[in-house]
Amino acid sequence: MRDIAGDTKTARRPSGLIKAGSDYKFPVHSSTRAQDEEEGVGDGNDLDFILPKLNVCILIVGTHGDVLPFCSLAKQLQEHGHRVRIATHDVHRQTVTSRSIEFYPLAGDPKQLSQWTVESGGRITGEARAAMADPSVLKKKDAMLKEIYTSCWGAVSEPDPLSPYYEMFGNMNDSMKSNPNFVADAVIANPPCQTALDVCEALAIPLHIMFPQPWYYGTVEYPHPFSGLSYDKPASSTSAQAMANYASYSIFEGVLHANFGRFINHWRARTLKLPTIPWNHNFSNRIAHCDIPFSAMWSPSFCPKPQDWPEQCQVVGTFTQFTGKAITKVELSEEDTIKFADLIKWIESGTPPVFIGFGSMVIKDTTSLQQMIMDAAKELGTRIVVQSSWSKMDVETDCAGPEGELLCHNVGPVSHDWLLPQCCAVIHHGGAGTTAAGLRYGLPTLVCPFFGDQYMWGEMVHRAEVGPKPCPVTKLTKDILVEKLRELTDPKTKEAASKLSVTMNEEDGVLTGLSHFWSSLPKDSMMCSIGLIMGKSMLAKYRLNGSNIPISHEVASVLVNSSNDEGSYLIPNILPSQLRKTAIHSQLRRVSLPSGIPLPRSNSLVGSVVVQAKHAIRAEKLIPHAATTFALRHRGGYDSLCNSCFTVVLEFFEWIFTTLFQSCMVSDRLARDHGCLGCMWGFAVSPFYMIWAGIMTIVTLVDRLGVTIANNIFGKNWLFFIDRRAKAKVYREIPTADGKEVSISSVLDVHAAREIAGDARKMFDQCKPSFSYHDHWNWEEVSLESLSKRVTWARKADLSTDKPMLKITPEEFQVLEERITWAKKMKMESLSYSRFCLFLGEAVHDRFLAIEDSGHAFFGAPNQEYMN
């Protein structure tokens, strides 16, 4: 079954906002489901995954205005039970940690980046002109961006360097007290974090892009923000302007790939141990080719989703502190009331002023701009409040009105949610957050863009008739400003802005974005199958290599022998010899299941565990589990026979080039690590590397051509056989119970669920799982009809043989078959192994109720009352 990231097979009510890691509350009387469906009672019958507790890393490159919206998202994630870290520039540390959110410092100076972008106009052509004028600037910019890109790896896999001092600063939250180490289970990033996909590939974890600008996914409605093309509305979807708009997204990514591709490939190979990205245009826009979900952080009422965007792209709304409710009046703190006493007195002394502020923009000539504002205020008699940020302006020197009153007032950093409601209109740079804030308060808006998406928001304001046509700040004059101020006071503009604010305030961007994040996660490949059968939501981090069952760290802690130094083989903590000890055996004999629940087919529950332990001792290898697969087949270039052949030819020449220059490459690599002796040794062994590279070139060519023909001519959906897909690199520690005593009852539960999961896996594999039901590579599925027949056949076979295929009772079979019937009614065409285990968990959940009812935790000391 596919969620928002692909073709939806069924419409289910969203359940992702349940507290993460909650136990499944299966209905006690499952057999009443069919009756409920006939009576139209459907809500209680929905069954979907409950999201496990995740370590979510939010990667942000940008200014304060870029970071602040994600703080609201982080708080919501925390409230829903997840551990969240925001990784951004160190200057934003206080902004993040003051909200009790974990922090990691990315490299780079956002002020310097903003200044460079203003100087180049945020356009490809502007970057080229800036490089020609002063090549040293481009060199400095590239160096800073490379530092940012490489620092993303530490952000998802290392503790904050200052975490030991958090308690001293008073900014340590509960998650950091329990574990300062951090390894991400999922990543949310904005596009300037160019290597977000690479670090996710290294950890084999899902990525979600969120940004208040269009990016990656092309559309004919407007161009890429950094393309420099006009934002005027195209005459038609087939016009030259529309086609240029669509192409601008791929062209921009191609330019970035040409500039940074070699560096990123080197970093991937040396640091992340990943294969390099092929050198051709088909692989430049990897985000779009991998169908990475994208949440557009702007109001759909203000700018609807383009019709040509794919389903994984959603316009979710603006991220603000006001979620799904009308904006309430914000009061200043007592300290700020004293600080801004003059401003408060000035605002209350006359009509509401016009707000002018350019946020984190670097203005070259502030003197002429501030004089322009004061002259326009005097000509119209308009009161104006000017906010200074990175560029300081003073508008109180020459702004007296006809009666000597002060027409303009200065203000520094202050809450927009307090200041804007007291204004009548806004003039600003057109940042997505500032634009949304003004419109949410129903204020007519003039955008004076500096670069990038600011031109887009200026045009969208004009299209929505809530403000005049935008005027770039470099073209602003006193006469133009006077004219724009008059347009802002037009009653029609005010009315349109008021109507738009009503619909925008009904939206809940943060929760909608959170719901999109939930629904886009590859949950079918993230869940611990044994946990699902036990009715618990746990994150899969390992896989049993022999049976191919994904398990969590908690389950592995029960099954792994902690005395094994390498931690590479799965052996149960409680061995058969230990189970035979009188003390333990006497405790196990006292365990009783609820009435009506039969014991397994072995003579006793103890015997079942002993048998299961004997099977486990046969050294089933424990390997890291990959929740996502960023496979080569899914990176574009292989989507059609013609494209595939062209890509194969390009890759072949790249492989040939690599083979011929092995002597230089090997010698250089060894020389960097071992000096002169390494260089000499590299020349000596390079012929062997060359021979091996030549063999792999031929074998890989056959693989690429063979799979391409099979997929595009014979309708197969195969992955390439020679494709070093992402493997988790960090979950190599030996699973333990973290020093806590693992209770005997927990061991019993895990082994009982493990036995059911193993039988379910065999049955699932007999149905010939494949990727053929939709174009993703994260998990395999089987036909629901085929699995249904297999379950029916297994139930009949279990009644006539002593060797059942699925060791569950007839009553449990009935519940399982009812759930499969429900899935058919919901028009599910296929089923993943994890979802099959969830269905089984509902069927057998009574087996595990005794522990829950007794208040016994999954880990910890045995519950003596229950044992006795």
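Which residues of helix H13 (residues 341-348) are buried? Hold that for a second while I say what we're looking at.

This is a predicted model, so local features need pLDDT of at least 70 and side-chain atom pairs count only at pLDDT 80 or more, while totals for chains, interfaces and linings use all residues. Residues are numbered from 1 along each chain as its sequence is written, and side-chain values use heavy atoms, with hydrogens and water left out.

Okay, the overall picture. The protein chain has 33 helices and 18 strands; these are DSSP runs numbered from the N terminus, H or I of at least four residues for helices and E of at least two for strands. Of its 868 residues, 55% are buried. Buried here is under 20% relative accessible area, exposed is over 50%, and partly exposed is in between, with a 1.4 Å probe and protein chains only. If you take contacts (heavy atoms within 4.5 Å) between residues at least 6 apart in sequence, 71% of them join residues at least 24 apart.

Back to H13. Its buried residues are Leu-343, Ile-344, Trp-346 and Ile-347. Looking down the axis of H13, they fall within an arc of 165°, so they line one face of the helix; that arc is taken from the directions from the helix axis to the C-beta atoms. On the face of H13 turned away from the buried side you find Asp-342, Lys-345 and Glu-348, which are exposed. And the cover over the buried residues of H13 includes helices H12 (334-339) and H15 (416-419), plus strands S9 (384-387) and S10 (408-411).

Next, two helix pairs. H26 (residues 641-660) and H27 (residues 662-712) pack at about 160°, axes 8 Å apart. The crossing of H26 and H27 is left-handed, meaning the near helix is turned anticlockwise from the far one by less than a right angle; clockwise would be right-handed. Among the contact residues are Phe-652 and Trp-655 of H26 and Met-690 and Leu-701 of H27. By class, that contact of H26 with H27 has 11 nonpolar, nine polar and two charged residues. Nonpolar covers Ala, Val, Leu, Ile, Met, Phe, Trp, Tyr, Cys and Pro, charged is Asp, Glu, Lys and Arg, and the others, Gly among them, are polar.

The other pair is H30 (residues 810-825) with H31 (residues 833-844), at about 135° and with axes 8 Å apart. H30 and H31 are therefore oblique, and their crossing is right-handed. Their contact includes Trp-822 of H30 and Phe-836 and Phe-839 of H31.

Last stop: Asn-548, in the loop between strands S13 (540-544) and S14 (549-552). Asn-548 isn't glycine, yet its phi is positive, near 60°. Asn-548 is partly exposed, at 27% relative accessible area. Lys-762 of helix H28 (residues 744-766) is 214 residues from Asn-548 along the chain, with 9.7 Å between their C-alpha atoms. Lys-762 is exposed, at 57%.

Methods. Axes are lines fitted to C-alpha atoms, for helices over the stretch in contact, and angles run from 0 to 180 degrees between N-to-C directions. Angles under 35 degrees count as roughly parallel, over 145 as roughly antiparallel, 65 to 115 as roughly perpendicular and the rest as oblique.
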